[in-house]
Amino acid sequence: MDIALLPLDNRPVSYLLPKQIAEFSGINLLLPDRKYLGDLKDSSNLIHLENWLLEIRDLPLIISLDNWIYGGLVQSRKHTFSLEDLRK
């Protein structure tokens, strides 16, 4: 079974651990390249992630809204976006 995951960010607990759990369970977990995901200082590359999501759109998807909307968990806590920008 294939499932796609857009994790919170590129930390091992968000990226590597779900992959290991999925493999142990017999699930093929598809993830975007780790280098395009946010970290403590930088936001995710949302353009790359949007293209990745379009490529895997026929698969079941688990998506982190913190990553999709803000570019990562840390960025979701320190953003300066207006409510109108977030709705877009």
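**View 1. Ser64, a buried serine in a loop.** Ser64 is buried, with a relative accessible area of 10%. This is a predicted model, so keep that in mind for every view here. Look for Ser64 in the loop that runs between strand E3 (61-63) and helix H3 (65-70). Which residues does Ser64 touch once its neighbours within four places in sequence are set aside? Those contacts are Leu6, Pro7 and Leu8.

**View 2. The nonpolar patch around E3 and H3.** On the surface, Leu61, Ile63, Leu65, Trp68 and Ile69 make up a nonpolar patch, and together they have about 400 Å² of accessible area. Strand E3 and helix H3 each put in at least two residues. H3 has the largest share of the patch, with three residues. Is Ile63 buried or partly exposed? Its relative accessible area is 34%, so Ile63 counts as partly exposed.

**View 3. The largest nonpolar core.** Now for the inside: the largest nonpolar core is made of 13 residues. The ones with the most contacts inside this core are Leu6, Leu29, Leu31, Leu37, Trp52 and Ile56. Strand E1 (2-6), helix H1 (12-24) and helix H2 (46-55) are the elements that give two or more residues to the core. Of these, E1 gives the most, with four residues. As general background, nonpolar side chains tend to be buried together in soluble globular proteins.

**View 4. Trp52 and its contacts.** Here we zoom in on Trp52, one of the core residues with the most contacts inside the core. What does Trp52 touch if you skip its neighbours within four places in sequence? The list is Ala4, Leu5, Leu6, Leu30, Leu31 and Pro32. Two names on that list, Leu6 and Leu31, also belong to the core residues with the most contacts inside it.

View 5. How accessible is Asp9? Its relative accessibility is 3%, and since the cut-off for buried is under 20%, Asp9 counts as buried. The Asp9 side chain makes a polar contact with the side chain of Arg11, at 2.8 Å. Leaving out neighbours within four places in sequence, Asp9 is also in contact with Ser14, Tyr15, Leu37, Gly38, Asn67 and Leu73. Leu37 in that list is another of the core residues with the most contacts inside the core.

How values were computed
Residues are numbered from 1 along each chain as its sequence is written. This is a predicted model: local features need pLDDT of at least 70, side-chain atom pairs count only at pLDDT 80 or more; totals for chains, interfaces and linings use all residues. Side-chain values use heavy atoms; hydrogens and water are left out. A nonpolar core is a set of buried Ala, Val, Leu, Ile, Met, Phe, Trp, Tyr and Cys residues joined through side-chain atoms within 4.5 Å. Buried means under 20% relative accessible area, exposed over 50%, partly exposed in between (1.4 Å probe, protein chains only). Contact means heavy atoms within 4.5 Å. A polar contact is a pair of N or O atoms within 3.5 Å; within protein, one must be able to donate a hydrogen and the other to accept it, and residues adjacent in sequence count only if both atoms are side-chain atoms. Patches are made of residues with over 30% relative accessible area and no salt bridge: like charges are joined within 9 Å, nonpolar side chains (Val, Leu, Ile, Met, Phe, Trp, Tyr) within 5 Å. Accessible areas come from the Shrake-Rupley method with a 1.4 Å probe; for residues, only the protein chains shown count as cover. A salt bridge is a side-chain nitrogen of Lys or Arg within 4 Å of a carboxyl oxygen of Asp or Glu.
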